[in-house]
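Visitor: I would like to learn how to read a model of this kind, one feature at a time. Could we go through it together?

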Number of protein chains: 2
Amino acid sequence: MALITSSKEDSIGAQNRSRILAAAEKEFALHGFKGARVQKIADGADLPKTNVLYYFKSKQSLYLALLEDILSLWNGRFDEATVDDDPSQVLAQYIADKMEISRNRPEASKMFALEIINGAPNLNHFFRDQHAQWMKGRVAVIQAWINTGKLAQTNAYYLLFNIWATSQHYADFSVQINELRGQAMSQADFTEATQNLIKLILTGCGLSVPVAFT
Amino acid sequence: MALITSSKEDSIGAQNRSRILAAAEKEFALHGFKGARVQKIADGADLPKTNVLYYFKSKQSLYLALLEDILSLWNGRFDEATVDDDPSQVLAQYIADKMEISRNRPEASKMFALEIINGAPNLNHFFRDQHAQWMKGRVAVIQAWINTGKLAQTNAYYLLFNIWATSQHYADFSVQINELRGQAMSQADFTEATQNLIKLILTGCGLSVPVAFT
DNA sequence: TCAAAACCAGACTAAATGGTCAGGTAATCT
DNA sequence: AGATTACCTGACCATTTAGTCTGGTTTTGA
């Protein structure tokens with residue numbers, strides 16, 4: 001008889017919280033922290049503004065909750081790669097993963113882009129250090145690939161920047177992309193763009209594309 | 001005796017106007033249209049807020065004046081390329097030009113990025129049509145290169161998106177780049193990044209890099 | 001030199017905004 | 001059933017914001 005009739009996940013509060021988060025992500029992705037309006041978030045969540053402030057004590061804390069959630073998205077399979085792995089496999093998979101985020105979490109990508117363009121005022125030292133450490137580790141792996149002849153000579157930093165830039169572009173600049181293409185990117189288009197990008201980057205690095213990614 | 005003692009260019013008004021534009025570009029590049037504050041622009045230009053609104057009748061008209069100026073930056077040597085030109089020359093030069101904009105007009109690039117992320121609400125139909133027309137023409141040239149065997153089979157749209165993404169990334173995400181590299185990009189770093197990028201894209205397209213760009 | 005035009009800026013206003021408060025109702029737990 | 005907690009919301013407030021108004025001063029051009 002100790003049956004739990006309403007789990008924490010589907011309680012009214014949890015549902016409202018997630019609706020607010022979803023609406024806030026859209027609003028922040030469109031206008032950034034300063035430009036976002038709490039009233040608009042409330043409208044998007046179909047709740048009175050007061051309720052938004054009931055669940056999150058301020059616009060700032062709502063923003064931070066979202067940002068934290070988004071940063072966890074950045075963690076992926078590339079994190080564990082070592083010099084013993086095959087660079088073409090690892091990089092192709094990393095690009096594919098990043099493209100997948102652009103496809104199904106475009107607002108998250110945009111919010112992150114805005115935070116960076118705004119000068120990253122909400123990314124604290126803890127995250128910055130962690131991020132820099134991660135970068136150091138990944139650059140070391142790429143450099144090790146180069147040193148062992150698995151990868152042609154290149155700049156590891158620029159390589160990663162190029163991967164981020166191209167993959168995130170499909171989310172951040174989707175408005176321009178759709179306008180110029182004359183239509184939105186379908187799932188099939190994303191698959192094609194992903195294959196195209198993997199081929200460009202890997203070939204550009206002197207690697208061949210694993211068959212799984214063609 | 002018809003000597004003009006004060007040309008229009010160095011009149012008080014012209015000077016103030018350009019100081020306001022410079023300050024506004026920084027503010028809009030940091031916070032977007034909605035997030036930007038007229039008072040901050042005034043502070044940046046070292047003028048009372050009233051004067052900003054004296055020279056530009058509203059925040060919106062100031063924003064539009066800047067946007068128009070920035071859009072003219074996008075015009076470059078690639079615009080006149082034809083099927084008879086050498087794709088490796090043309091693309092290398094285009095990438096170099098785009099990287100140069102990122103280096104010396106980073107705020108312009110950021111402002112444009114924000115405008116697009118915001119859904120391009122200030123880009124009117126005239127510009128959109130013009131932009132789409134330009135794209136059509138450039139895609140046709142790239143396709144012609146492919147058809148004549150000058151360029152390997154690829155998707156012309158994605159190729160251009162990738163060039164924009166990578167080059168603009170150095171301006172738009174400069175905060176992240178500087179943080180992760182541990183230092184700002186010097187002119188020499190930009191030269192290296194440009195060569196690196198040209199090599200990546202051209203090699204990725206099956207082209208060889210012209211010696212002028214190595 | 002003098003009038004017109006350009007420029008300057010403090011005081012102000014109306015609207016919008018983030019956030020509070022107080023007084024509820026609904027759900028939950030024992 | 002009763003009490004405790006979670007949830008809801010209209011009214012309200014202090015602050016910020018873009019933009020105006022009014023009365024100046026400086027610059028310019030004839």
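Visitor: How many residues does the contact take from chain A and from chain B?

Guide: Bear in mind that this is a predicted model. The contact takes 42 residues from chain A and 41 residues from chain B. On the side of chain A that touches chain B, the elements giving two or more residues are α1, α6 (106-117), α7 (125-147), α8, α9 (174-181) and α10 of chain A, and by class this side has 20 nonpolar, 15 polar and 7 charged residues.

Visitor: Is α8(A) mostly covered or mostly exposed?

Guide: Mostly covered, since 14 of the 17 residues of α8(A) are buried. This helix, residues 156-172 of chain A, reaches 24 Å from its first C-alpha to its last, close to the 24 Å expected at 1.5 Å a residue.

Visitor: At what angle do the axes of helix α5 and helix α10 of chain A cross?

Guide: In general, two packed helices are described by the angle between their axes and the distance between the axes. Here the axes of α5 (residues 87-104) and α10 (residues 187-204) of chain A cross at roughly 145° and come within 10 Å, in a right-handed crossing. The residues of this contact divide into 11 nonpolar, 2 polar and 1 charged; among them are A:Leu91 and A:Ile95 in α5(A), and A:Phe190 and A:Leu197 in α10(A).

Visitor: Which residues are the closest to DNA strand D?

Guide: Of the 20 residues that surround DNA strand D, the closest are A:Gly13, A:Thr50, B:Val38, B:Ser58 and B:Lys59.

Note on methods: Residues are numbered from 1 along each chain as its sequence is written. Chains are lettered from A and ligands numbered from 1 in the order in which they are written. This is a predicted model: local features need pLDDT of at least 70, side-chain atom pairs count only at pLDDT 80 or more; totals for chains, interfaces and linings use all residues. A residue is near a molecule or strand if its C-beta atom, placed from the backbone, lies within 6 Å of it. Helices (H or I, at least four residues) and strands (E, at least two) are DSSP runs, numbered from the N terminus. The expected span of a helix is 1.5 Å times one less than its number of residues. A residue is buried if 20 or more other C-beta atoms lie within 10 Å of its own, exposed if 12 or fewer, and partly exposed in between; C-beta atoms are placed from the backbone. Axes are lines fitted to C-alpha atoms, for helices over the stretch in contact, and angles run from 0 to 180 degrees between N-to-C directions. A crossing is left-handed if the near helix is turned anticlockwise from the far one by less than a right angle, and right-handed if clockwise. Two residues are in contact if their C-beta atoms, placed from the backbone, lie within 7 Å. Ala, Val, Leu, Ile, Met, Phe, Trp, Tyr, Cys and Pro count as nonpolar, Asp, Glu, Lys and Arg as charged, and the others, Gly among them, as polar.
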